[in-house]
Amino acid sequence: MSGDQREETARHGDGEREFEERVRALLADDAFTIQPSAAPYPAIRRRGVAERRRRVATVGAALVTLAVVPVGAAALTGPDAGGRAVSPAVSATPAQSPAPTPEPATPAGPAGPASDEQLLDGVTRESAAAMLEDCLASDLGSPLQDLGAPEEYRILLGMGSTGDSNTPGDGRFVVAVRDEAPRTRVICNVKDGEVSGLNVGGVDMDLPDQGKVMPDVNAHKLYAQSFLDKGNWKLPFRWGSIGAVHPSVARVTVSYGDEEPRTAVLDHGWFVATGILDQQVTRAPHIKGYDAAGKQVYDSDQDKYYMADLP
């Protein structure tokens, strides 16, 4: 081989080695720059935790289902039991009797009326009791009268009151009675949270020639407006009528103006009637009483103590 050929062969060998080194270098670079994507570990862990929780919940539900089966609800049979019923397990915990229901506490203050019909225009037993307490404590009563405590009374009527020229401003009436001696009846008017009028009367069913029904002599405070407004009453007008009744009286009717007679509520020896008046009137409510057989035993038109004509 000539010298030129040997030199050419050497150059060729050097080129191949250089090419191989370059290829190796490129492959080495790719080993660092081209890597497979990392496994999504957080997502895989979340799925694993969720799956474990699902399995635990399933097992727990099965255990709860087994736990709530009542003792003795079913007998087991099978090869292990020899075809005979297996006695249910007896609970070691004795059954406990339910706690007794406490008796409802008796509300303090005056007793309530016999019927809800006696509380009108938003007056409740609680508000009527509060008004009565204020009325008995007010300085409008006579210092010579012993009005006693609210719990000695029974609410007879609670209703709205219409203001007039003598006592402007609407308010509320509360009527209460004390059955124990001295028997007392209270009519009280409250306006804007203040006691504006108080009337106290006794109860006497033994007057000479007294009928079986005794309309309250001051009931006009509940069914009449001031004489200053005669013929010009503020309408519509909530009215009330009250009075005492003999034990033999089984029914009382009251009519006012052109209204049809309405049956009053009988409450422990008292009658209570209410209505709405939408016309001017000159005569007081007309009252009649009947015994258990339906016989009329009282008529206010024949009662010399009753003021049938309004002032």
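**Salt bridges, strands and a buried lysine**

R262 is partly exposed, because its relative accessibility is 32% (buried is under 20% relative accessible area, exposed over 50%, partly exposed in between, with a 1.4 Å probe and protein chains only). Its side chain meets that of E259 in a salt bridge, at 3.6 Å from N to O (a side-chain nitrogen of Lys or Arg within 4 Å of a carboxyl oxygen of Asp or Glu). The model is predicted: local features need pLDDT of at least 70, side-chain atom pairs count only at pLDDT 80 or more, and totals for chains, interfaces and linings use all residues. Residues are numbered from 1 along each chain as its sequence is written, and side-chain values use heavy atoms, with hydrogens and water left out.

How confident is the predictor? The average pLDDT of the protein is 79 (the predictor's confidence in each residue, from 0 to 100). A score of at least 70 is reached by 65% of the residues. Residues 28-46 stay under 50, and the model gives this stretch zero contacts beyond four places in sequence (contact means heavy atoms within 4.5 Å). Residues 56-92 also have a pLDDT below 50, but here the model has 13 contacts beyond near neighbours in sequence.

Now return to R262, this time for its strand pairing. R262 is the bridge partner of V254 and belongs to strand 8 (strands are DSSP runs of E with at least two residues, helices runs of H or I with at least four, numbered from the N terminus). T263, also in strand 8, is the bridge partner of T253. Strand 8 covers residues 262-263 and pairs with strand 7 over two bridges, in the antiparallel sense (two strands pair if DSSP finds at least two bridges between them). The two form a hairpin with six residues between them. In the turn, G257 has a positive phi of about 65 degrees.

Strand 7 also pairs with strand 11, residues 286-291. These two run antiparallel and are joined by six bridges. Here R251 stands opposite Y290 of strand 11. Strand 7, residues 249-255, is largely enclosed by the rest of the structure, because five of its seven residues are buried.

Where else do charged side chains meet? The salt bridges number nine. One of them joins the side chains of R154 and D179, at 2.9 Å from N to O. This pair links distant parts of the chain, 25 residues apart: R154 is in strand 1 (residues 154-161), while D179 is in the loop between strand 2 (171-178) and strand 3. R154 is buried, because its relative accessibility is 7%. D179 has 34% and therefore counts as partly exposed.

D170 and K234 form another salt bridge, their closest N and O atoms being 3.5 Å apart. D170 lies in the loop between strand 1 and strand 2, and K234 in the loop between helix 4 (220-223) and strand 6 (237-245), so the pair ties together parts 64 residues apart in sequence. D170 is partly exposed, with a relative accessible area of 46%. K234 is partly exposed as well, at 44% relative accessibility. Salt bridges with shared partners also join R154, D179 and D267 into one network.

Which charged residue is buried yet has no salt bridge? K191, and the nearest side chain of opposite charge, D164, is 6.1 Å away (Lys and Arg count as positive, Asp and Glu as negative; His and the chain ends are not counted). K191 sits in strand 3, residues 184-191. Its side chain reaches the backbone oxygen of T167 at 2.7 Å. Beyond four places in sequence, the contacts of K191 include S161, T167, P168, D170 and S196.

Strand 2 holds V175. V175 counts as buried, because its relative accessibility is 0%. Not counting residues up to four places away in sequence, V175 touches, among others, R154, I155, L156 and L157. R185, V186, I187, L222 and I242 are also among its contacts.

Terms used
Polar contact = N/O pair within 3.5 Å; in protein donor to acceptor, adjacent residues only side chain to side chain.
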